[in-house]
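Reader: I'm new to this one. Could you walk me through how to read a few of its features?

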Amino acid sequence: MEGEDEEVKERRVIEARARNISHNVRCTECGSQSIEDSQADIAILLRKLIRDEIQSGKTDKEIFKKLEEDFGETVLYAPKFDMQTAALWLSPLLMAGAAAGVWAYNKHRQRTNVHVMALNLVRGVPLTPNEKETMLDLLTPPPSPRGAPSSWWKRWLGQ
């Protein structure tokens, strides 16, 4: 009785390992499914090969290595990190960094451009022409100091 229980446990362990490996191997015929989910002939043969390799005593790493050698690195859902796949692995980080940079830049521009924010608040508010002119005079940013003398310089010169 105990011998049968051990055999059943061993079969369950082999089956669990085989399913785990099969979920991480891409079907070479389908491309979008794992061999565990695919019913293609090659997927059925690969599942049998994996079970045979497990029963012969090979580790999961050895099985993955054999599959990679036989079918190429694209058969694995999680390719290894090396110089060829660095762009693949780092592209989400680069995209997230670029998005964060654009977001931070836009937030900075929104916070520092008080005049534009004030003008946006005034839009849609019914004002008389005289009030509009006064608001625009108050809210229009001063001219840029490049090449043009600033207002304090003009006052100092008496202009």
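Predicted model: local features only at pLDDT ≥ 70, side-chain atom pairs only at ≥ 80, totals over all residues.

Reader: Where does Glu10 sit?

Author: Glu10 belongs to helix H1, which covers residues 2–23.

Reader: Is Glu10 buried or exposed?

Author: The cut-off for exposed is over 50% relative accessible area. Glu10 has 53% relative accessibility, so Glu10 counts as exposed.

Reader: And which residues form the nonpolar patch on the surface?

Author: Those are Phe81, Leu88, Trp89, Leu90, Leu93 and Leu94, and together they have about 670 Å² of accessible area. Take Leu90, which is found in helix H4 (residues 86–112). Partly exposed lies between the buried limit, under 20%, and the exposed one, over 50%. Leu90 counts as partly exposed because its relative accessibility is 38%.

Reader: What does the UniProt annotation say about residues 86–105?

Author: An unreviewed UniProt entry annotates residues 86–105 as "transmembrane region". In the model, that span is 100% helix and 0% strand, and its end C-alpha atoms are 28 Å apart.

Reader: Now a contrasting case, please. Why does Glu53 count as buried?

Author: Buried means under 20% relative accessible area. Glu53 has 11%, so Glu53 is buried. You'll find Glu53 in helix H2, residues 41–55.

Reader: How far apart are Glu53 and Ala18 in sequence and in space?

Author: In sequence, Glu53 and Ala18 are 35 residues apart. In space, the C-alpha atoms of Glu53 and Ala18 are 9.3 Å apart.

Technical notes. Residues numbered from 1 in each chain as written. Heavy atoms only, no water. Helix = DSSP H or I, 4+ residues; strand = E, 2+ residues; numbered from the N terminus. Buried < 20%, exposed > 50% of the residue type's maximum accessible area, 1.4 Å probe, protein only. UniProt positions renumbered as here; feature names shortened; annotations may be inferred. Patch = residues over 30% accessible without salt bridge, like charges linked within 9 Å, V, L, I, M, F, W, Y side chains within 5 Å. Areas by Shrake-Rupley, 256 points an atom, 1.4 Å probe, with all protein chains shown as cover. Salt bridge = Lys/Arg side-chain N within 4 Å of Asp/Glu carboxyl O.
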